[in-house]
Amino acid sequence: MKKFYVKDCPENMAVHDWILKSTDLDYYVKNMKPNFKSDGVVKFSNPLIDLDKTKQSVDNAFEQFGWFGFLNILGNEAFRSPTYGGLSLVYNSNYKQKEQVLPVCQTLGYPRINAKSQFIIENPNLNTKIMLAKADKTLWKKIGERGLHGGFDFLCKEAEVITEQECTDLKQRYTDQKNESVELYDRKNTYNDSWSFNEPTEVMNYEYLEHIAGLFKRSFIRSRLASFKNIDNTEVKEGVNQYMWHRDDTMFVEARINMVVTAPEDAFGIEIEDIGKYYYKPGDWITWDTGLTHRPFVDKPGLERSSLVYAVSPWFDYIKEEDAWIQNEFYGNKHPLDMFVEGDIITGLTVDNQSK
Ligand SMILES: [Fe+2]
């Protein structure tokens, strides 16, 4: 079993990217398919968990620790979302921004490196086009490497999302932001370093939530208690839905599952591109291929929802005493979705749906 000491990870790489490069993990990311067949959202229940007690402890946690909006940037201004936020379930004691960001909100957003997103915020249609072309991840990388204008060139010449004229217009409207020494950027212990968020916050083990955390068999990484609120009217609702399309890391790196805690009927859910909508129901545990373009959505204003979003590293376990990640027996042998289905990640989890 290969073991990776965090101290050996270079500063310009996130720990999971470093491990990915040092193993054949990428081969499995590209080639391995789950035995369990699903049409999109996979739904589970867990009879070992009392929903009412969970709700009570979530309410108490917000009262005890507060509520933090997701941190975004608008131009050069950092701001916290009034509608989407919550509390962090894990933190990183070596986090680079720990002086500015409390442990209970480290996993609730931080501006991307060298990627000012004002042009996205001001051009929602462009954002949709980028998402539909699945060009978002590469775009942020190109902007990181070549600056903002280099990113526009990528959108024009390589992704073919915008015309030459649109590219010129964008360059006139938004000044270039470049950082020559991008290779030297620290990524270890920054927001990108998902696996380094692995120490439980007080919220993770608060009251009844400790019982839920105790059912997990794998190491926690970037996890949060997430909630929507202050969706005061239809206009706010539309605004929220417009900017939510995104993709997350592959399940092999970050196996994520949501326990829905509070969700009024037919009000909130998750929509997966080309697959459709799933409406949240309290007590459901849900997962899906987070590499597909998806968004949380709100269909009715004036309501609130909350979910516990747990993420684990499926094939590497963290050894705290050694500050190291070690390959486990599932590496190369079992797809993370099958691990959820077969109880290798959470004790008591029972799958509720299987497609034909
Ligand atoms: Fe997501």
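Residue N241 lies in helix α9 (residues 234-242), where helices are DSSP runs of H or I of at least four residues, strands are DSSP runs of E of at least two, and both are numbered from the N terminus. The model is predicted; local features need pLDDT of at least 70, side-chain atom pairs count only at pLDDT 80 or more, and totals for chains, interfaces and linings use all residues. Residues are numbered from 1 along each chain as its sequence is written. The protein holds ten helices and 16 strands.

**Surroundings of N241**

- N241 counts as partly exposed because it has 16 C-beta neighbours inside 10 Å; a residue is buried if 20 or more other C-beta atoms lie within 10 Å of its own, exposed if 12 or fewer, and partly exposed in between, with C-beta atoms placed from the backbone.
- Apart from neighbours within four places in sequence, N241 is in contact with F297 and V298, a contact being a pair of residues whose C-beta atoms, placed from the backbone, lie within 7 Å.
- K277 is 36 residues from N241 in sequence, and their C-alpha atoms are 13 Å apart in space.

**Overall dimensions and domains**

- For 356 residues, a compact globule would have a radius of gyration near 21 Å, and the 20 Å of the protein agrees with this; the radius is taken over C-alpha atoms, and the globule rule is 2.2 Å times the number of residues to the power 0.38.
- The C-alpha trace spans about 60 × 50 × 50 Å along its principal axes.
- Of the 356 residues, 36% count as buried.
- Among contacts between residues at least 6 apart in sequence, 74% join residues at least 24 apart.
- The domain assignment gives domain 1 (3-108 + 189-355) and domain 2 (118-180); such bounds come from an automatic or database assignment.
- A distance of 28 Å separates the C-alpha centres of domain 1 and domain 2.

**Nonpolar cores**

- The largest nonpolar core has 74 residues, of which A61, L87, V203 and L225 touch the most other members; a nonpolar core is a set of buried Ala, Val, Leu, Ile, Met, Phe, Trp, Tyr and Cys residues joined through C-beta atoms within 7 Å.
- V203 is in contact with A61, F65, L87, S88, L89, V104, L209 and L225, leaving aside its neighbours within four places in sequence.
- A second, separate core comprises nine residues, among them I130, L148, L155 and L170.
- In soluble globular proteins, nonpolar side chains tend to be buried together.

**Open sheet β10-β9-β12**

- Three strands form this open sheet in the order β10-β9-β12, with antiparallel pairing; two strands pair if DSSP finds at least two bridges between them.
- β10 (276-279) and β12 (294-298) stand at the edges with a single partner strand each, so one side of each has no neighbour in the sheet.
- From one strand to the next, the twist averages 25°; axes are lines fitted to C-alpha atoms, for helices over the stretch in contact, and angles run from 0 to 180 degrees between N-to-C directions.
- Strand β9 (residues 268-272) pairs with β10 in the antiparallel sense over four bridges, and G269 has Y279 in β10 as its bridge partner.

**Open sheet β1-β15-β14**

- Another open sheet of three strands has the order β1-β15-β14, again with antiparallel pairing.
- Its edge strands, β1 (3-5) and β14 (316-319), each pair on one side only.
- The twist in this sheet averages 25° from one strand to the next.
- Three bridges join β1 and strand β15 (residues 324-327) in the antiparallel sense, with Y5 partnered by A324 in β15.

- Strand β8 (residues 255-262) is largely enclosed by the rest of the structure, because seven of its eight residues are buried.
- β8 pairs with strand β13 (residues 305-313) in the antiparallel sense over seven bridges, and A255 stands opposite V312 in β13.
- β8 also pairs with strand β11 (residues 285-287), in the antiparallel sense over two bridges; here N258 stands opposite I286 in β11.
- β11 pairs in turn with strand β2 (residues 42-45), in the antiparallel sense over three bridges, and the bridge partner of F44 in β11 is W285.
- β2 and strand β16 (residues 350-351) form an antiparallel pair over two bridges, in which F44 stands opposite V351 in β16.

Technical notes: Two residues are in contact if their C-beta atoms, placed from the backbone, lie within 7 Å.
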